[in-house]
Amino acid sequence: MEVTLRASELRLGYGAREVLRGLSFELGRGELLAVAGPNGSGKSTLLRGLLRLLPLQGGSVELLGRPLASYGRRQLAMAVGWVPQGELPQVGFTVRQLVEVGRYSRSGLALGRRDEQAVEEALRLADLAELAARPLGELSGGERQRAAIALALAQEPEVLLLDEPTSHLDLRHEEEVACVLRRLCRAGRSGVLVTHDLNLASRLCDRILLLKDGRAFDCGPPGEVLSEAAVLAVYGVAARMWRHPETGKPLVLPGSHPVV
Amino acid sequence: MLRRLLVLAALGALVSCGGETESAGGGGERLVSLAPSTTELVFALGAGELLVGRSSADDYPPASGVPVVGDFGVPNAEALIRLKPTLVLLTGTEPDSSGRLLETLGLSTFTVRAGTLDELVRSTLDLGQRLGRREEAASLAARLREAARAAAARAEAVGGAAPRVYVEVWHDPLTTVGRTSFVADLIRACGGVNLFDGVETPYFATSSEAVIAADPDVIIVPGMNGVAPDVESRQGWGGIAAVRAGRVYSRIDPALLFRPGPRTVEGLKALSKILFPEAHP
Amino acid sequence: MSRRALVPLLAGALLAALALGLFTGPGGLPDELLLRLRLLRVAQGLAAGILLAVAGCAFQAVLQNVLAEPYVLGVSSGAALGAALSIAFGLSPFSWGIPGCAAAGAAGSFLLVLAVSRGMGGAALILAGVVVGSVLSSGLLLVLSVSSAEGLRNITWWMLGNLDVFSTRPLILLWACVVVVLGGLWLSSRELDALSLGEERAAGVGVDVRTARLSILALGTLAAAATVSAAGIIPFVGLFVPHMVRRLSGSRHARLIPAAAVAGGAFLVVADSLARLVLSPRQVPVGVVTALVGGPLFLILLRGRTRLWR
């Protein structure tokens, strides 16, 4: 499988405070990789490092076969799309206007045909074609999150980085977003999904990278990585494992004793 | 023994000197003035030695040597307590807080009202009475009245329409005087008309356009800190009657016009010559 | 509101403002001389209105704060202090006069804000601006307290705003600023759009956030500084006009900025006409008019905004 992103002995931190102490992993084309771990284990820091918002303190990153450092700012935006944590600010854009912002790295001062096509494609992928002309304020939380994803998609990136994209969404909207993400990966894009929800990672992602103390604790398919021992070691929480009756994917059920 | 006698003699001399100062004039007055106008008046009445405190704004006579006890209209409580004045001179334009402070300190006050020339004359006489300087006051009042009379006579002699006068206090925004200002009264006394006599406040802001539309015959720009703006080159001002006739006057000490007091005599003379340059004494 | 209505509406507003500015005033219907004078004054009002309105748009986008306005970084305090020093002590280095000293004060306060907030993000800028503004305001109060009575009056009146024009040279300078600021900000429309989504998302789409933020803030500050130096402190235009125009033009800056420019210019010309007319021959400070007119209008605008995001 073609590798789109390769990190070796990655060291990242904020000044003197080291957060990632030598992390190595690979991301394949069409793969959705979950990055999970306790708070402070370096999940968001990792994304910031991949986006070059934080300087590398050690190790190297290769993106699409080239060193990350060799990318210009625009080139990087054309290769990597980012959906940061949290809701969109309350701007008065319509959905289409929001997505058009994503063309920044590819368009000139005015949007051309190519840009319009890319915007339409991004809207289609995020299932927002009917809502394109609506103001963001009229959308539901899930629809807005899909718009945020469409914004990143408009950059036509090879790799998509998402930071807790469904944390604030209810079940239905979470499903909508999950659908979109799966569709994207089937179409050949790679994705890194930072999440604290192990079960979401399990049912959505091809592999899980479990972080502990700034290092990789384990990396592999959910069935191999998620175990009671792993959950206890990484989170310090006793949990039982179960299998989804239909998909067969592992489920983490926290708490070995019933809550009194 | 000899030393003791010398000390006693010295003390006696000091006491008698003090006594002399106290008995001359208003019975041992210790005056505090809170405005330049009243300070000038006190000195003009020959009572300068009675002044123990002045305001920071007072600049005439220069180097008077009198200590500063506050700002314009605003006394400093500690300074007043230290100096123990017997009389505080006011102008009637002080903020309420000053009046209350003086009341609290139990100090007598004397208000020298001078909104118009007549008021100035009357206040001069009253102050002279109060300070025991009746003769000096009468003399100053007479000079003021004479200056006014001379100005009126000059206006009469030249005849013709009363010149309409624009006085510019400040240039950004254009600030001028209304009917109730002291200088407007002076202008009237000299046989002129203040351009904006229709406005009842002493000072107000106006626009370039309003001045151009009102078309004054005379423009007086005393300026501030010795700097006067260039009026003639202003856009649109070239067509004003005063500018066309070259009757723009900027070399006049603003104190002469705006500060009611002994120098108003010179102010009236200067103003009269500005308004009616033809008549030569 | 539909797109089509925007251009005729703005054009109409501008024409009405120009008519008001040129044909009404203490001098009545104008002859050639008066018309030329009014033309200059209208040009000054347009320039100041354009600068304040587009600066308001820029600050609101970069600081992601809908209550941001051109003076939020302490520029007005610095300019007022500079002007006050000039008025109170007769300072006029290089014969700059009051506008020059005000401009120097504005530039100084901006540099101070930059230095104080070095290396920190957008939120730190507002904080630094508030702090620097407070310190400079205290300096201003100090100057006021030691000024003569005339100085006090003159400083206060200057600060309240005045669009009177005496010569063409400062007007030309002001319009040069308009060209630079309006052009610069309009060309930065895409950056402004991105920055209004937050610095993270802007960085994500490829914007050089540090450079864009700095240059946009510098342009906005230039606008605010130029206006304060030329005409004193005129509140509300930078805060209220962007909000009003967004309702009509949408939030995309490629349309918002030119629309705000026209609206801002028209608004200020109308305010200035009222300032000249209402109490003629007295001139109400134009800053008072913009506050008295803009304030209630802003309240009405906010009340109409019943939709909050779900």
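A salt bridge is defined here as a side-chain nitrogen of Lys or Arg within 4 Å of a carboxyl oxygen of Asp or Glu. By this rule, two salt bridges are found across the interface of chain B and chain C. The model is a predicted one, in which local features need pLDDT of at least 70 and side-chain atom pairs count only at pLDDT 80 or more, while totals for chains, interfaces and linings use all residues. Residues are numbered from 1 along each chain as its sequence is written, chains are lettered from A in the order in which they are written, and side-chain values use heavy atoms, with hydrogens and water left out.

The interface of chain B and chain C brings 28 residues of chain B into contact (heavy atoms within 4.5 Å) with 32 residues of chain C. About 2,500 Å² is buried between these two chains, and carbon and sulfur atoms give 63% of that area; buried area is the accessible area (1.4 Å probe) that two parts lose on being put together, summed over both. On the side of chain B, D172(B), E209(B) and Q235(B) lose the most area to chain C, together 27% of what that side buries. E209(B) also forms a salt bridge with R276(C), in which the closest N and O atoms are 2.7 Å apart. Seven residue pairs, both members at pLDDT 80 or more, are in polar contact between chain B and chain C. A polar contact is a pair of N or O atoms within 3.5 Å; within protein, one must be able to donate a hydrogen and the other to accept it, and residues adjacent in sequence count only if both atoms are side-chain atoms. The elements of chain B that give two or more residues to the side touching chain C are β7 (164-171), β8 (174-177), β10 (203-206) and α8 (208-214). Of these, α8(B) supplies the largest share, five residues. Helices (H or I, at least four residues) and strands (E, at least two) are DSSP runs, numbered from the N terminus.

Between chain A and chain C, the contact takes 37 residues from chain A and 21 residues from chain C. The area buried there is about 2,800 Å², with 57% given by carbon and sulfur atoms. In chain A, the residues that lose the most area to chain C are R73(A), F93(A) and Y104(A), together 23% of what that side buries. Three salt bridges are counted between chain A and chain C. R252(C) forms a salt bridge with E100(A), the closest N and O atoms being 3.5 Å apart. On the side of chain A that touches chain C, α2 (73-79), β6 (80-83), α3 (95-101) and α5 (141-153) each supply at least two residues, and α3(A) gives the largest share, four residues.

Within chain C, Q60(C) is placed in helix α2 (residues 32-62). Q60(C) counts as buried because its relative accessibility is 5%, where buried means under 20% relative accessible area, exposed over 50% and partly exposed in between (1.4 Å probe, protein chains only). The side chain of Q60(C) reaches the backbone oxygen of V66(C) at 3.5 Å. Beyond its neighbours within four places in sequence, Q60(C) is in contact with residues including N65(C), A68(C), G238(C), H243(C) and R246(C).
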